[in-house]
Amino acid sequence: MNYYFSKIVKGTFESIEFEVNVLLQNEGFGVLTHIDMQRTLKDKLNVEFKKYKILGACNPPFALKALEAEDKIGTMLPCNIIIQEHEFNTIEVSAINPMVSMQAVNNDRLKKVAREVSSKLENVINNLEDEK
């Protein structure tokens, strides 16, 4: 089992990022953080890097269930999704597979939550479409 779900699609970086946000909302997630690695690496290290963003997504009802099952699980939240441009208009979107990351925690209640969140994140990736 991979630690992530991933798909490569054709389209502009901006349009794919917008689509990912819509698909996350459709699955009950909000994006708490947006990290622009291209800008950060340029600003902090003066390094040129490809377009690469990390979105920190949270589904509040599932986050609450996870925290009630395991109070230290916040160290593994939110769920990260990355959007990266491999070449012009070739974008890869990847999401964490919570089933894999939660294996480190021996808690059956948490595993049930991880299964449900994994299903939702996998839906986001599977529903991505090439730009028309």
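Visitor: Why is E14 called partly exposed?

Guide: The relative accessible area of E14 is 48%, and partly exposed covers the range between buried (under 20%) and exposed (over 50%), with a 1.4 Å probe and protein chains only. E14 is therefore partly exposed. This is a predicted model, in which local features need pLDDT of at least 70, side-chain atom pairs count only at pLDDT 80 or more, and totals for chains, interfaces and linings use all residues. Residues are numbered from 1 along each chain as its sequence is written, and side-chain values use heavy atoms, with hydrogens and water left out.

Visitor: What makes K51 and E14 a salt bridge?

Guide: The term requires a side-chain nitrogen of Lys or Arg within 4 Å of a carboxyl oxygen of Asp or Glu. The closest N and O atoms of K51 and E14 are 3.4 Å apart, so the pair meets the definition. K51 lies in the loop between α2 and β3 and E14 in helix α1, 37 residues apart, and the pair thus links distant parts of the chain. Helices (H or I, at least four residues) and strands (E, at least two) are DSSP runs, numbered from the N terminus. K51, with a relative accessible area of 26%, is partly exposed.

Visitor: Why is the pair of Y3 and Y4 called edge-to-face?

Guide: Rings of Phe, Tyr and Trp (its six-membered ring) pair if their centres lie within 6.5 Å; planes under 30 degrees apart count as stacked, over 60 as edge-to-face and the rest as tilted. The ring centres of Y3 and Y4 are 4.9 Å apart and the planes stand at 80°, so the pair is edge-to-face. Y3 counts as exposed because its relative accessibility is 56%, while Y4, at 32%, counts as partly exposed.

Visitor: What makes the largest nonpolar core a core, and which residues touch the most other members?

Guide: A nonpolar core is a set of buried Ala, Val, Leu, Ile, Met, Phe, Trp, Tyr and Cys residues joined through side-chain atoms within 4.5 Å. The largest holds 30 residues, of which V20, L24, I81, V93 and L121 touch the most other members. Its largest share, seven residues, comes from α5.
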